[in-house]
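These are my notebook entries on one structure, kept in the order in which I looked things up. I begin with a single residue and then widen the view.

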Number of protein chains: 2
Amino acid sequence: MQNYSALLKRIGARPVGRPVVVEPYVPDVLEALAAVGDWADVAPVLVGDKARVEDRLRASTLDLGRVEVVHAGSSAAAAAEAAARVAAGDADYVVKGSIASADLLKGLLGRDRLGTGRVASHLYIIEAPAYAGRTIAFADSGVNIAPDLATKADIIRNSAEALRALGVSRPRLAVLSAVELVKPGLLSSVDAALLTVMAHRGQLGDVIVDGPLSIDAALSVEAARSKSLAGAVPGRADILLAPDIDAANMTSKAIIGATGRAMGVVLGARAPISLPSRGDSLQTRVHSLLLASYLGSAPDADP
Amino acid sequence: MQNYSALLKRIGARPVGRPVVVEPYVPDVLEALAAVGDWADVAPVLVGDKARVEDRLRASTLDLGRVEVVHAGSSAAAAAEAAARVAAGDADYVVKGSIASADLLKGLLGRDRLGTGRVASHLYIIEAPAYAGRTIAFADSGVNIAPDLATKADIIRNSAEALRALGVSRPRLAVLSAVELVKPGLLSSVDAALLTVMAHRGQLGDVIVDGPLSIDAALSVEAARSKSLAGAVPGRADILLAPDIDAANMTSKAIIGATGRAMGVVLGARAPISLPSRGDSLQTRVHSLLLASYLGSAPDADP
């Protein structure tokens, strides 16, 4: 993938889309929104308890005149309203406020709302100066706890589609494991081998998949060479898929901890969902909103 | 923990102990040994097929006069000889050559050889400049695939004992998970909570344990504060314990990839075992030998 600054520039060059924010009772959300743009053309929709939302608004720097506030008496009602807005073409992406992630996803994806038939999954895009200044996408650090093979296939489809929308025509995806050999007793290596063959058979779309690969073999050309791993992916992966949420979360955060620049989004619904984690910096929150906006209003995104 | 350079200095200040090297048919092993010292007082013992070992020796820069070569006709015989040497007090630590890791561990630990009643586990000590120049110990990236609770307890005992031998009188250990809450459906968080209480009850020895913690909450004071996590461990962990080999391997390698300096050792036997991985640099191999030597000849190590 191109470097992080070039990616930000690409994303920033497109006008911001219209967000619908669910229960924006935490200050960070409005602060990040205020930092994203002046909202002259596309005013954000804020859904939640009207009095609480307006209290928060008065304490923020967000321009009151540019904002639409919609009352919803419960988290479920707020999520349903957000789904309806997106379904009606009236919002381009969804932003999580105080609502619990599970409630938001259930409200958005349940009962034929914004579901696409695919499992939803999180994607982090991370600057990795230690790896020749490259930018690495990391899936899935935040949604699926212990994804099975079919779920991993959906995570790959979601992530690869997002990278194609960001200009990587044929993303290279490494399925991570602790090893490079297929070990019957190590599920991560077994799933990795199956996903590799699924990709060869065209089951995962326009993406090059290889695994099992250790993370050094995936990211470092020298490590790939020292382990005699050939092919397009070793040493040059654009996307990393870890076996479960523990491995994905701690590995992606270890890379973010060493650099500091990252943006995250939840994919797989009919619109992107910005689902910041408590530990995210304001910068990460702002970049994440820009990413969701870009992907939600992308004219060239493949379906 | 002190910084990596200070740690190396501490380790280097003690005279090297005597290694027994099992099947040193790969050139890297002898190259690393040659870089460690001049072996004037404690000549390494090399065990394996005598002709093959001597071939390798002639191609290396290791001083032939300082080396004892012992013939062993099979990997099992070589591992048994290594165990006998350590048991007799004739070697201070074991070094893996070409022998498969599983065969080496089985040969050393099986049939009352060097077993201590504890499960063996790997420990990486990693320089982490991104985290205020600190040094982080990472357990277990290389031996136990899916450790259960009892195995995790042994891994904690092994790691904490090694850190105490390295001068950290009461190590702070974070049990990692993707979350900070105890989630019944997420085994990593459940085991972390159980290990925390086990440590409180004194079941794990002189070590301060806290978990579940995400890796940013474990290592970053700011992240710990933003998540309102109090106590001695959040933001200041000396040792990280990941839930399984996948998570441990990819997280530790992500940190090593961003920095480059690390040393590894297998603990839990009656002597340290140096078990380099194929991707380790010569520097890591040399530092790992020094660490095994230090721990194997440590007069102040607690039993």
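Is A:S228 buried or exposed? I find A:S228 exposed, with a relative accessible area of 66%, where buried means under 20% relative accessible area, exposed over 50% and partly exposed in between, with a 1.4 Å probe and protein chains only.

Before going further I note that this is a predicted model, in which local features need pLDDT of at least 70 and side-chain atom pairs count only at pLDDT 80 or more, while totals for chains, interfaces and linings use all residues. Residues are numbered from 1 along each chain as its sequence is written, chains are lettered from A and ligands numbered from 1 in the order in which they are written, and side-chain values use heavy atoms, with hydrogens and water left out.

**Entry: backbone angles in chain A.** I looked up phi for A:S228 and found a positive value of about 55°, although A:S228 is not a glycine. I place A:S228 in the loop between α9 (221-226) and β9 (239-241) of chain A, with helices (H or I, at least four residues) and strands (E, at least two) taken as DSSP runs numbered from the N terminus. A:E23, a residue other than glycine, likewise has a positive phi, near 50°, and lies in the loop between β1 (19-22) and α2 (27-36) of chain A. A:E23 is buried, with a relative accessible area of 8%.

**Entry: A:D216.** I find A:D216 in helix α8 (residues 215-219) of chain A, and at 13% relative accessibility A:D216 counts as buried. Leaving out residues up to four places away in sequence, A:D216 touches A:A223, A:K227, B:K253 and B:G279, where contact means heavy atoms within 4.5 Å.

**Entry: chain A as a whole.** I record 11 helices and 11 strands in chain A, and its C-alpha atoms fill a box of roughly 60 × 40 × 30 Å along the principal axes. For 303 residues a compact globule would have a radius of gyration near 19 Å, and chain A agrees with 19 Å; the radius is taken over C-alpha atoms, and the globule rule is 2.2 Å times the number of residues to the power 0.38. Buried residues make up 57% of the 303 residues in chain A.

**Entry: cis peptide bonds in chain B.** I found a cis peptide bond from B:A139 to B:D140, with omega near 0°, and B:D140 lies in the loop between β6 (134-139) and α6 (149-165) of chain B. Another cis peptide bond joins B:G211 and B:P212, with omega about 0°, and B:P212 sits in strand β8 (residues 208-213) of chain B.

**Entry: B:G268.** I place B:G268 in the loop between β10 (262-267) and β11 (273-274) of chain B, and at 11% relative accessibility B:G268 counts as buried. Beyond residues up to four places away in sequence, B:G268 touches B:T116, B:R118, B:V119, B:A120 and B:N158.

**Entry: a helix pair in chain B.** Which residues of α1(B) and α11(B) meet? I find B:Y4, B:L8, B:R10 and B:I11 in α1(B) meeting B:H287, B:L290, B:L291 and B:Y294 in α11(B).
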